[in-house]
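These are my notebook entries on a structure I went through by confidence, surface and side-chain pairing. I begin with the charged side chains.

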Amino acid sequence: MKGSTFIDRLATWEGFLFLVLVLLILLNALSTPFFLTVSNQINLFQLSIEKVIVALIMTLVIINGEIDLSVASIMGLAATTFGWVFQAGISAEWAIVIALTIGIICGAFNAFWIAWAGIPSLVVTLAMLIAYRGFARVLVEDRGITDFPEWFDSLGQAPILGPFPLSMLIFFTLLVVLFVVLQRSAFGRKLYFIGSNRDVAEYSGVNVRRIKATIFIASGLISALAGILFAARVGSVRGDIGVGFELDIITIVLLGGVSIFGGTGTITGTVLAILIVLNLRNGMALANITGHLQTGALGILLILSVMVPTIRDAGQRLWRTVRGETG
Amino acid sequence: MRNTFMSRISPTSMRILALLFVLILTILFFSTQIENYLNARLFNRISTSVAIILLIAVGQSVVVLTRNIDLSVGSVVGFVAYFVGGVVGAFPEIPAILVPVLAIALGACFGAFNGFLVSRFNLPSIIVTLATLAIFRSILVEFTDGSSITTASLPDWLTEFARLNAFVVGNFRVRWMVVISIVVALVVHVFLTRFRAGRQFYAVGSNPEAARVAGINVGRTVMQAFVISGALAGLAGFMFLARFGNITIVAGLGLELKSVGAVVVGGVNIFGGSGSVIGVLIGASLIDLLETSLVRWALVSEFWRDAVLGMLILLAVVTDTFMSRRLLARPTAKAAAAKTAADNTAAPIAAPGARQAEGS
């Protein structure tokens, strides 16, 4: 027993992810000297910052035993709303407010059917994945909207605190807030409780509907925020902004050890998974592996990550036998 | 009288009747909105495009019946269309009959891969097929270097097949593609409703535990469902190739959502266990009709297509959920009614009589 706590910790899923991450960073760092520079790391984050932000809230959604497939479409709808409203002559500040409100409305619409009508989130958000994207297309059709004010375009790129741009500051703030909510608050405990056994939670007096509704509205709002950040980063708005992002986002969360059936997982795991995926993409780019193959690799990763509980159980069983034999 | 009529119709048939009603309403509505709407050309165009989506949707519905979902079908269609097109282009003297067989076999392999992951490791099908959607597509892109198949490289019989009429009534042309697709749908329908092996799909979907206890091999049934879905997507890929001729690496993109739409709108319960292929046939026609008509409707832009489709799917699911809840509530309502009736008639009589009334 003595002295084994560190090794025990490594035997958890987070520990395993940590080892993989260290390995990846070592490999990347050995292949290019630029890898470990601050600017490269920030650049790495920036290229996927929108997905990474949504992955944080998706962690809570999936722990709660639900799923939100409509996040990428909400991103698209919020971004196109922003562009459309801006083009109609409203100032960019108000356009942002309106776009965020659209995100809240989309989230609330999902929440209504899921929490109030009791229809599984998988189906509701699959339908809304199509519908919200459809509305985004209706707004901008085939056009692209550009020529936003300079301050808006610089939101996505320009460093405002040290080397960090706004989107990364938002990410870190959200990370801290969600960590506290999930790991240190009553709300977070209830979230896990509902995820592991909804009926028991309901009979214990937890207001399941209200918590589910809160989570989906938050998911809508944060997705909208991510959509606006995307628009700011690329400096233009099109109907197909963020198409297919839900795949990457869900992959990250599941890879982080969150069970697709709810009830288990941590924000720490998600953050480790984020770092792994970012480093993997960087590594693949260095190895000249193209975008489509990267998506394919992520698909394989996704399948492996739903097998996480299976792998983890097998690993722990193995670990226990090994320890049982040696001491 | 009305009561007996209503109770004789099963919820599934009721659903189909309601769908037919909506389909007719849609046609009537658009015929008042679009000039020259109701003619043979509309029929010809829609029947040909329904032929392809119907095959995919029938396969999808078998998977959905078992409480699963197959989101990879769009990528399978694209991959098969491209691959078969490439093979036919390289070996033009290949016997015609082998081409669709190759397409079906290839599709079935993809389906088996999905089915293996889902049934062997107990993984959620939505995640597995979301992943294979990306994997199959990325293999295609890698394998082709982004080049396209062109009509010119295909043998003539293949492109002519898409325009081959089985029979013609007036201006209405019924293509062979349409006939094949409908025959496949009917065969699957009969298989699902009349054969033991077909009923197993319903059993697994409505209660996997009970199915297991009843001696059904749940894993194998799920596997079969995915193989059927893959095989039909493969056949659809062949038709896709014949119809369009020019196949790019994005061929079939988004077909998975359209097929899920057709299945859900067609009244197949997304949580498995109930629904019929006939409903899916009407659902697919309705979705295609809406798409084609929205494009021609002057009042709204064609970009409304997806928005309408998404809301339609939601509407179908909401209707289903509330209908099945009412069905679940019905036995208790009936029992309660019987009890009050018994109480009313048996009130003055002694206890044993009341018990008898309740029992009947």
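Which residues are linked with A:Lys51 in a network of salt bridges? I looked this up in the model, which is predicted, and found A:Asp248 and A:Arg281 joined with A:Lys51 in that network.

**Entry 1: salt bridges**

I searched the whole structure and noted 10 salt bridges over all chains. For the bridge between A:Asp248 and A:Lys51, I recorded 2.8 Å between the closest N and O atoms. This pair links distant parts of the chain, with A:Asp248 in helix 13 (residues 245-255) of chain A and A:Lys51 in helix 4 (residues 49-63) of chain A, 197 residues apart. I checked the burial of A:Asp248 and A:Lys51 and found both buried.

In chain B I looked up B:Lys258, which forms a salt bridge with B:Asp288, the closest N and O atoms lying 3.4 Å apart. Here too the pair links distant parts of the chain: B:Lys258 belongs to helix 12 (residues 255-265) of chain B and B:Asp288 to helix 13 (residues 277-296) of chain B, 30 residues apart. Both B:Lys258 and B:Asp288 are buried.

I also noted a salt bridge between the side chains of A:Asp240 and A:Arg238, at 3.4 Å from N to O. A:Asp240 is partly exposed, with a relative accessible area of 34%, and A:Arg238 is partly exposed at 42%.

**Entry 2: cysteines**

I found zero disulfides over all chains. Is A:Cys106 buried or exposed? A:Cys106 counts as buried because its relative accessible area is 4%, which is under the 20% cut-off. B:Cys109, by contrast, is exposed, with a relative accessible area of 52%.

**Entry 3: confidence and make-up of chain B**

Chain B averages a pLDDT of 85, and 89% of the residues score at least 70. Where pLDDT is low, the predicted coordinates should not be read in detail.

I counted 15 helices and two strands in chain B. Of its 360 residues, 51% are buried. Among contacts in chain B between residues at least 6 apart in sequence, 75% join residues at least 24 apart.

**Entry 4: surface and loops of chain B**

Chain B exposes about 17000 Å², of which carbon and sulfur atoms supply 65%. I located a nonpolar surface patch of about 470 Å², made by B:Phe21, B:Val22, B:Ile24, B:Leu25 and B:Leu28. B:Phe21 sits in helix 2 of chain B and is exposed, with a relative accessible area of 55%.

Which residues other than glycine have a positive phi? I noted B:Asn36, with a phi of about 55°, and B:Asn122, with a phi near 60°. B:Asn36 is in the loop between helix 2 (11-33) and helix 3 (40-65) of chain B, and B:Asn122 is in the loop between helix 5 (98-121) and helix 6 (125-144) of chain B. B:Asn36 is exposed at 65% relative accessible area, as is B:Asn122 at 65%.

**Entry 5: B:Ser138**

B:Ser138 lies in helix 6 of chain B. Leaving aside its neighbours within four places in sequence, I found B:Ser138 in contact with A:His292, A:Leu293 and A:Gly296. B:Ser138 counts as buried, at 4% relative accessibility.

Conventions:
Residues numbered from 1 in each chain as written. Chains lettered and ligands numbered in written order. Predicted model: local features only at pLDDT ≥ 70, side-chain atom pairs only at ≥ 80, totals over all residues. Heavy atoms only, no water. Disulfide = S-S within 2.5 Å. Buried < 20%, exposed > 50% of the residue type's maximum accessible area, 1.4 Å probe, protein only. Helix = DSSP H or I, 4+ residues; strand = E, 2+ residues; numbered from the N terminus. Patch = residues over 30% accessible without salt bridge, like charges linked within 9 Å, V, L, I, M, F, W, Y side chains within 5 Å. Areas by Shrake-Rupley, 256 points an atom, 1.4 Å probe, with all protein chains shown as cover. Salt bridge = Lys/Arg side-chain N within 4 Å of Asp/Glu carboxyl O. pLDDT = per-residue confidence, 0-100. Contact = heavy atoms within 4.5 Å.
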